[in-house]
Amino acid sequence: MKNLILISVLFLAACTSAIKDEKTEKENPATAEPEVMEDFRPEPTENLSVQSREDLIGYWVGWFEHNLSETEKQALYDVGDYPSYNKINISVDRIEEDSVFGHSVVANNNRPFKGVLESTDAYYAFDVLEPGDDKHDGRFKFRIERNDSFVNGNWMAFDNTLKVYKRKYKLKKRIYKYDATNELEDWFVDEEKHPERDSIDLVNLLDGRSWEEALKSFNGHSDSVMQRMTQDDKLEELEQLLAEINETEYEFYMATDMSVDLNSSTDTLKGEVVSEMSKADIYILRNSIFARHGYSFKKKDLRSYFDRMSWYIPVHANIRAELTELEKKNIEILLAYEEHAEEYYDSFGR
Amino acid sequence: MKSKVLNGLLLAILAWFSYLLLLISLQYIPFSSDAAFLRIKIDEVKIWYYIPFFKFHVFTSFFLLIAGFTQFSRWIRTKFRNVHRYLGWAYIVILLLFSAPSGLVLGYHANGGWTSQLAFMLLGVLWIYTTIRALRFAIKKDWRRHQNFMIRSYALTLSAISLRLFKYVIVFIWHPLPMDTYRLVAWLGWVVNLVIAEVIIYRKDKR
């Protein structure tokens, strides 16, 4: 009889879809298993321009863009796809004679490389290979003029059937240091250039493209149409596009000022404050902790959002050990509200 | 005939929402202090009395809904007076000893600041008041007023359903911030019910 009761309780409990929604899987480096990968941290010189070979050591950071031809790009657009771009960190770890060792971090992928360094009076040129046991491995070639501070280069995948099999980049040397006070930047403040929106939806919509490019592909405008449109027209169309995308879940998924006014690495977040937030606020605040530690995000929306913070550098694919006690507490409370909102925000139960 | 169909329909709706509330209560079996609603009550669950009162509230309030199926039926009232009497006592005892006092405590700790705290505590006070009045009129055998106050008491009981229904509809249409919704439904959830109860009582007494 007792069993019968238990079984019926469990059966009823299984019907909970009537009262709540499913939780989604979270990207949570705070609880992820530590990776076995050796995480090498180079010791760079303070010089941001390259005066000697030692100055080459360190993180070279910038946009990892596609290097496809117009026809290749069009072919992607035609199937509703587009080449995304991400912030990449090419770390030159060690130089021995003309051999160079390093690793790159992009999109939660931390891959070692090794190869040769060609030094001349005018420039340094690198030609390095990734191991080749990952389908996204390839060959980096980049060079920097002496006394210059920019690295220019390209990357070719070993597998040329990849969607984006070749990429290019222009990188700057950056010194990474954990700084809890790094603030989220409201990066749509320039009204001339950008719509006044601080929203993860817009980031999703753009997905690495400029917003004009996004508008063009979503609304199927030709170049000449785009040229004829005034800035105001374009902004208006973009607003409409966003409104359509958010048709059903508009307000709740928009970030409010709270996401930029608070700092989840320095402020103790109390339940009463978090409870006032939208889901987007909570989502941004929780993940900004990982971003400050240089976590390289798996999820596209998070990459697109944090890649645009000027202080953000993808440094590690695993930052679990780096979190401070305050951050761990904040993650716990933010996650509680995020999951609760996911399950109960628009359902009957609570 | 028409009213019989309407009655049946209302009972079916009540049955459906009672079932949903049962599901909500069952989320806490086996009990865990971070299940469902308690997940966002991180500070409150550390207060020694919060979880006991929460359990009283969740595991007793569901039974009060059952009164809606039997106590307003004239047929049961006349043919099976004892059924009406015993279930009535059960309703009053559960409500006054467990559901309402624990509701007051939970209301005091409600999210959303003083507006929602006031709303839930006022709901608790009115719930107790209307039920006691109903009981005293039953003892005095003043059946008309006993019925009126039980209609009010049960209308407040139904706020368990209407509050969530309001939340569902408001979110569906406007998608406000969660806490704004909560502050709104903390009031709407029972004030609307009470207004409807008064309309029902007014029309009944006029006849």
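**Helix packing and the chain interface**

Modeller: α4(B) and α5(B) are roughly antiparallel to each other. The model in which this is seen is a predicted one.

Biologist: How is the packing of two helices described in general?

Modeller: For a packed pair, one gives the angle between the two axes and the distance separating them. Here, helix α4 (residues 81-108) of chain B packs on helix α5 (residues 114-139) of chain B at an angle of about 160°, and the axes lie 9 Å apart. An angle over 145° counts as roughly antiparallel, which is why α4(B) and α5(B) are described in that way. The crossing of α4(B) past α5(B) is left-handed.

Biologist: Which residues of α4(B) and α5(B) meet?

Modeller: On α4(B) they include B:Trp89, B:Ile92, B:Leu96 and B:Tyr108, and on α5(B) they include B:Phe120, B:Met121, B:Trp127 and B:Leu135. Sorted by class, the contact of α4(B) with α5(B) holds 15 nonpolar residues, five polar residues and no charged ones.

Biologist: At what angle do the axes of α7(B) and α8(B) cross?

Modeller: Helix α7 (residues 159-174) of chain B and helix α8 (residues 178-206) of chain B cross at roughly 130°, and their axes come within 8 Å. That angle makes α7(B) oblique to α8(B). The crossing of α7(B) past α8(B) is right-handed. Among the residues that meet are B:Leu163, B:Phe166 and B:Lys167 from α7(B), and B:Leu184, B:Trp190 and B:Asn193 from α8(B). By class, this contact of α7(B) with α8(B) comprises 10 nonpolar, five polar and one charged.

Biologist: How are α1(B) and α7(B) arranged, and how far apart are their axes?

Modeller: α1(B) packs on α7(B) at about 85°, with 10 Å between the axes. The two helices, α1(B) and α7(B), are therefore roughly perpendicular to each other. From α1(B), B:Leu14, B:Phe17, B:Ser18, B:Leu21 and B:Ile24 meet B:Ala160, B:Ile161, B:Arg164 and B:Leu165 of α7(B). The contact of α1(B) with α7(B) has seven nonpolar, one polar and one charged residues.

Biologist: How is the size of an interface often given?

Modeller: It is often stated as the accessible area lost when the parts come together. In this model, about 3,000 Å² is buried between chain B and chain A, with 65% of it on carbon and sulfur atoms. B:Arg39, B:Ile40 and B:His175 supply 20% of the area that chain B buries against chain A, more than any other three residues. Each chain is represented in the contact, with 31 residues from chain B and 31 residues from chain A.

Biologist: How many salt bridges are found across the interface of chain B and chain A?

Modeller: The rule finds two salt bridges across the interface of chain B and chain A. The side chains of B:Arg183 and A:Glu276 meet in a salt bridge, at 2.4 Å from N to O.

Biologist: Turning to the backbone, which peptide bond is cis?

Modeller: A cis peptide bond links B:Ile29 to B:Pro30, with omega about -10°. B:Pro30 belongs to the loop between α1 (2-26) and α2 (50-70) of chain B.

Biologist: Where does A:Ala107 lie, and what is its phi?

Modeller: A:Ala107 is in the loop between β3 (99-106) and β4 (109-119) of chain A. Although A:Ala107 is not a glycine, its phi is positive, at about 50°.

Conventions:
Residues are numbered from 1 along each chain as its sequence is written. Chains are lettered from A and ligands numbered from 1 in the order in which they are written. This is a predicted model: local features need pLDDT of at least 70, side-chain atom pairs count only at pLDDT 80 or more; totals for chains, interfaces and linings use all residues. Side-chain values use heavy atoms; hydrogens and water are left out. Axes are lines fitted to C-alpha atoms, for helices over the stretch in contact, and angles run from 0 to 180 degrees between N-to-C directions. Helices (H or I, at least four residues) and strands (E, at least two) are DSSP runs, numbered from the N terminus. Angles under 35 degrees count as roughly parallel, over 145 as roughly antiparallel, 65 to 115 as roughly perpendicular and the rest as oblique. A crossing is left-handed if the near helix is turned anticlockwise from the far one by less than a right angle, and right-handed if clockwise. Contact means heavy atoms within 4.5 Å. Ala, Val, Leu, Ile, Met, Phe, Trp, Tyr, Cys and Pro count as nonpolar, Asp, Glu, Lys and Arg as charged, and the others, Gly among them, as polar. Buried area is the accessible area (1.4 Å probe) that two parts lose on being put together, summed over both. A salt bridge is a side-chain nitrogen of Lys or Arg within 4 Å of a carboxyl oxygen of Asp or Glu.
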